[in-house]
Amino acid sequence: MEKSNTHHNSSKHIVILGGGFAGIEVLKTLQKKFHNDSRVEITLVSKDNFLLFTPMLPEIASGMIETRHVVTTVRSFCKHANFYEANIELIDLNSKQINITHAIGRQSQPIDWRKHTLKYDYLVIAL
Ligand SMILES: Cc1cc2nc3c(=O)[nH]c(=O)nc-3n(C[C@H](O)[C@H](O)[C@H](O)COP(=O)(O)OP(=O)(O)OC[C@H]3O[C@@H](n4cnc5c(N)ncnc54)[C@H](O)[C@@H]3O)c2cc1C
């Protein structure tokens, strides 16, 4: 299924690729700046639905803390943004669009895959 999003002429779509430290930091900054501006739509795409706090991974390995203490769901940061848990397959800078696929069912055991095309006006690459 191909789907592309449509926007009013005056509205701008910012797409952020990657939900790591860089992508989430950009997301927070842009949400703060544009949260009252309905002409700006923000979308974050990442294949993981969690942010991993890597500096504390050694404590996980040594059993000092539990895994759930170093992961935060990406959706909890998306207060004024859309989120796609998906693989970025293609970035087309000329036509300003990206192709993504996301799993139907469990990410680990998907029963099917869906393709989407996202159009953007501004792109943040933080993969
Ligand atoms: C064990 C460990 C300890 C560390 N400790 C420190 C520390 O103490 N201090 C410090 O400053 N740094 C530390 N780092 C480094 C730090 O984690 C990285 O510099 C930082 O995570 C990079 O952030 P990023 O957002 O650029 O990339 P990432 O955190 O790698 O995020 C990229 C995101 O993009 C997603 N992605 C990638 N490709 C695709 C694709 N094709 N489609 C969809 N999504 C995709 C990934 O799933 C990920 O969510 C540590 C790293 C490790 C591994």
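**Notebook: sheet, core and ligand shell**

I began with the sheet, which is open and has four strands in the order E5-E2-E1-E9 with parallel pairing; two strands pair if DSSP finds at least two bridges between them, and helices (H or I, at least four residues) and strands (E, at least two) are DSSP runs, numbered from the N terminus. The edges are held by strand E5 (82-85) and strand E9 (122-125), each with a single partner strand, so one side of each is left without a neighbour in the sheet. From one strand to the next I noted a twist that averages 15°, where axes are lines fitted to C-alpha atoms, for helices over the stretch in contact, and angles run from 0 to 180 degrees between N-to-C directions.

I note here that this is a predicted model, in which local features need pLDDT of at least 70 and side-chain atom pairs count only at pLDDT 80 or more, while totals for chains, interfaces and linings use all residues. Residues are numbered from 1 along each chain as its sequence is written.

Next I looked at strand E1 (residues 12-17), which runs parallel to E9 and is joined to it by four bridges; Val15 has Leu123 of E9 as its bridge partner. I then found helix H1 packing on the sheet, where H1 touches E1, strand E2 (40-46) and E9, and the direction of H1 makes about 165° with that of E2; contact requires that the C-beta atoms of two residues, placed from the backbone, lie within 7 Å.

I turned to the largest nonpolar core, which has 17 residues, and Val15, Ile16, Leu27, Leu44, Val45 and Ile100 touch the most other members. Such a core is a set of buried Ala, Val, Leu, Ile, Met, Phe, Trp, Tyr and Cys residues joined through C-beta atoms within 7 Å, and buried means that 20 or more other C-beta atoms lie within 10 Å of a residue's own. Two or more residues of this core come from each of E1, H1, E2, E5 and strand E7 (97-105). Leaving aside residues up to four places away in sequence, I listed the contacts of Leu44, among them Ile16, Leu27, Val74 and Phe83.

Last, I checked the ligand, which has 16 residues around it, with Gly18, Gly20, Ala22, Thr54 and Pro55 nearest; a residue counts as near if its C-beta atom, placed from the backbone, lies within 6 Å. Helix H1 (21-34) and strand E6 (87-92) are the elements that give two or more residues to this shell, and H1 gives the most, with three.

Key:
A residue is buried if 20 or more other C-beta atoms lie within 10 Å of its own, exposed if 12 or fewer, and partly exposed in between; C-beta atoms are placed from the backbone.
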